[in-house]
Amino acid sequence: MEIFFGAFTSEWEQRRAALLHEMSSGGRGASAEEEMRKRLKQLAQLGAAGGGGGSRGAPGSRGSASKGRGAPRAQARPATTVARPMEARLAAVAKGSQPAVVKMASYGGGARVGAMLNYVSRGGELKVENENGRILEGREELARVRGDWDHLFQNRAESRDIGSFSVDIAASGFASDEALHDQVRSTLTSGFGDRRYAYAIEKIEGGSVTVQGLVVLRSGQGERLTGDAKAADIIQGRYDASAAAGEVAAKFSFHGYGNGVEFGASRLRGLVDRHEDVRDDRGQSIANEKVAGDLVQKEWRAELHSRKSRDVMHVIMSARAGTDVAAFEGAVRDFLAHQFAGHRYVFAMHDQASDPKEAEEGGKRPHVHAHAIVAMKSDSGDRIETTPAVFREWRSVMAEKAREHGIEMEMTDRREFAAPPAFTRTQVRLVSREGRTEYVGTSEAAQARYDAKRGGRRMVAKSDRSQQYIIKAQESWQKVALAGGDRQVVTYAAQHREYLESGLSTAQAETSGTVIRADFGSNFRINLATLQEMVLEGQELREMSRAEFETYEKKVETALFKLERSVSADDRADFDEIAGLARDFVNQKRELVDLYEQRKEALAEQGGEAPRSEPYDPANDERDAAVAKHGEAVVEAGNEAMIEIEHYREGLDRIEAGEFSADRKEGMQAGLNQALERAAQLAIEGNSYVRDVADQDPGLKRAIEQENKSDRAEEVKNKAASNATVDEQQRDPRAQEDDRRPIDDDARAAHELASTVDATNRLQDPINKDREAVQRGGETTRTDPAQQHIPRLEELEREQMEQRERDRDDRDR
C-alpha cells in the first residue's frame, strides 16, 4: 500500500503515518520485533537444554544475528574511500610505514564545550582552527564557539547516579561494634530499599551516631532518586512507615550527587581516606582505595544505568615522534574536512616545540598529535555514528590523507599483528603523566589487560569471525614474505605469520576443551518468559498515556534485570542483544506516545483549551525559577561562570583523591582563583543570579567581598588623586554644597537598577543576535514540539547501539 503523506494536514500526523507504515511494512519496528522474538526463542531453547549454557557454535548465534542487524547500517552509509588490499597494507608496514592512530577520547554535553576547548587550546595559548579554516586565538574567540554551536546541542541533563547522604541515628547501648553496624544497615536498608550503598559511622557524645555514605540512586525496580531534599523526604517517609522506625529514630538527608563510575569511585575513595571503618550494604569491609574502586567499577556499575549527553566528541589523531609537523597538520585538516563535512569542529596541534604545558603536567609529548572537538549533530540534523566499522573507516581515511602529504601511514587492525586489546579509561587509574603516561589497573583483570597491552604480549581474538580474519591475515603475511626481496621485510612478515599461527593453535586447543555449562533451572526460563510477556505487552497498547508508558517501561527494565542475574557468562552476549532489541521496541513505543501527546495538544489548542501540562521534572525547577527571577541572559552568563568554577573544583577534588598528580594542584588552584574572580566581577557588574548563588557558596561569596574591597580601594585612590589636582580656589560653592548632601535611598536604588540593566543588556545582546540569525535561517528545532522529542529517541537508540558495538569491539578487536 502506498501512502501519500501530503494528505495529512499536520506534521505529527505525517510522522505518525510514516512510522506506522514503516513498522507495518517490515521496517525497523517489524525487523526489531521479529529479531527479538527469534533471539528470545533461541535463548529459551538453550535455557531448556542447558539452563542458559554457552552459545558458541549454536545456530543463529551472536555472530549471525549481529551481521543481520548490522547490514542495513552498513548499506545506509556508503563507503567514501577505496579500501587498500590487506597484502598491500601489511607490506607497507613491514617496510616501515606507521599505523594510523585515531582515538575517541571522550564525549561531552554542551555544558562541557568550554572546558574541552580550554584543554585543547592550553588555556587559549595555542591557535585553534575551525571547519572553515579560520584561526581562533585567545579565550574570547573560543568562548564564542559555545554560542555558535548551541543550536546543535540537546542540552540534556546527565543522570544522577550516586548520591552523598548522611543519617542521624538516635542509637546507644550496643554490646559491640558489630551490633551497631547491624542496626545501621537495618536502618539504611529500611529507607533505601534494595539500593547499593557504602557508609562510615561517627559516634557523637550522648550515645547517638551520624552515618556518612554514598548510595546508588537507582533501585532494582528502576526508580531513580534525585539526590536532593525532595529525595530525602521520600526516603524519610518510607523509613517512618517501616517497622524499623519503631525501634530507633533516624533522620535522612542528601548532600550532593554525581554522574558515573568515576564520580562514585572518587567519592568512595575519599570516604575511605577520612574513616578507618567503611563498609558496604552487605557488611563487607572496604579496607583501601583499591577495594573502593573495585566495588564501584565491578559491582555498582551495572546498577547505575548512567546516561550522559553526547553533544560533542573529543577525537585525537597522532603520529610517531619525528613526523613532519606541518605535513601532519595538513593531513589532519584534510581528514577532518573529509570525514566530518557539514559538522562544526575545531582542532589544535600539540607538539614538543609549541606546547606550553610542561612534561610533568602531561605536555610536550615526544609524538606529534592533534586534538579535535566535533559537534555530533550537523546543521542539517545528521548525527555522527560511532561504531567499530566507522572507527576503522576513520583510520583508513587518516592514512590516505597522510600519504597524500608525504607521510607513510597505513590503517592497521590488531588482529593482523596478534596484538592484545586496548584498555579503557574505566579500567585504569592515572599515576603519572610525565613522559609516557602510566596507569595502574582498577582490578586484577584490568591490571592484566593493561600489562598485556603495554608489554606487547601476543594474543588472538577467539570469536569465529575474528579467527576467519586472522587466517586471511596469516595468508597475507605469507605472500608478503614470499614476495619481499628485502631480508628485513621477509623476516618481519615471517615473524608475524608465526605469531598468528601460534595464537590460532592455542585458541583452538582452548575451544576444543570440555566446557562445563551451568544449569540455572527454572529461574532462567521463568525470567525469560516474563521478559517476553512484558515486552510484547506493548503490542496490545495501541495508545497509552505517559503514566501508562512509564509503568510499562519499568516493567520491562525489571524483567531485564531479573533475566540478567540468571544468564551465564557464556550467554552474556546473547542477553545484551536481546536487551538491546527489547529497548529498541520500548523506544518505538515512546515515540508513539510522544506523537499522541502532540496530537492532543494540537487538538486542545484548536479547541481553545489549554494543552495538558508535561510531567513534573524537578531537575528543571531551579533553572526555570532562576530564569523567571533574573532573566535568561543573566542566568546563562552566571551558569558559564559556575561551570568553569566547578571544573577546577572537581580537578582539585580528584587531586586530593589521588586520581591526578599533586604537581597539578598549584595550576588548578590558580585556575580556580581566576574563575572565582571572573564570577565575582560579574556579580559586581550587576548579575543578580551569581549573587544569589554566592549565598550558598562561601568561596564565591568571599571572592565577591574581596573584589568589592579592591574596587572600593581603587575608587578611593582615584578619587584622592583627582581631588589633589583640583584647584580649591576654583571650586563652585554650590558644587561643594551638593557634595555634602547625603545620597537618598531612591537615588542609590535607581543607580543600582541602572547598573543591573546595563550589565544585563550587554549579556543579552549576543543571545538576541543568535536568535535573530536562527530565525532568519528558518531553524525550528528548538520551538517545534514535534522536533523536541525525536532527537532524544535517536540518541537513546544510538547509545544502545554504540554500547553494544563497544562491548563487541573489546572482545574482537
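**Figure 1. Strands β2 and β10 pair in an antiparallel sheet of a predicted model.** β2 and β10 run antiparallel and are joined by 7 bridges; two strands pair if DSSP finds at least two bridges between them. Helices (H or I, at least four residues) and strands (E, at least two) are DSSP runs, numbered from the N terminus. V102 stands opposite M317 in β10. The open sheet holds 6 strands in the order β2-β10-β12-β11-β3-β4, with antiparallel pairing. Its edge strands, each pairing on one side only, are β2 (101–108) and β4 (135–136). Residues are numbered from 1 along each chain as its sequence is written, and side-chain values use heavy atoms, with hydrogens and water left out. Because the model is predicted, local features need pLDDT of at least 70 and side-chain atom pairs count only at pLDDT 80 or more, while totals for chains, interfaces and linings use all residues.

**Figure 2. The largest nonpolar core has 31 residues.** M317, F328 and W394 have the most contacts inside this core. A nonpolar core is a set of buried Ala, Val, Leu, Ile, Met, Phe, Trp, Tyr and Cys residues joined through side-chain atoms within 4.5 Å; buried means under 20% relative accessible area, exposed over 50%, partly exposed in between (1.4 Å probe, protein chains only). Two or more residues each come from β10 (312–318), α11 (325–339), β11 (345–350), β12 (369–375) and α12 (388–404). α12 gives the most, with 7 residues. Leaving aside neighbours within four places in sequence, F328 is in contact with residues including M317, M349, V368, M398 and I407. Another core, of 25 residues, lies apart from it and has V167, I201, V211 and A250 among its members.

**Figure 3. S380 lies in the loop between β12 and α12.** S380 counts as exposed because its relative accessibility is 61%. Its side chain makes polar contacts with those of S378, at 3.0 Å, and D382, at 3.4 Å. A polar contact is a pair of N or O atoms within 3.5 Å; within protein, one must be able to donate a hydrogen and the other to accept it, and residues adjacent in sequence count only if both atoms are side-chain atoms. G342 is 38 residues from S380 in sequence and 7.7 Å away in space, C-alpha to C-alpha.

Terms used: Contact = heavy atoms within 4.5 Å.
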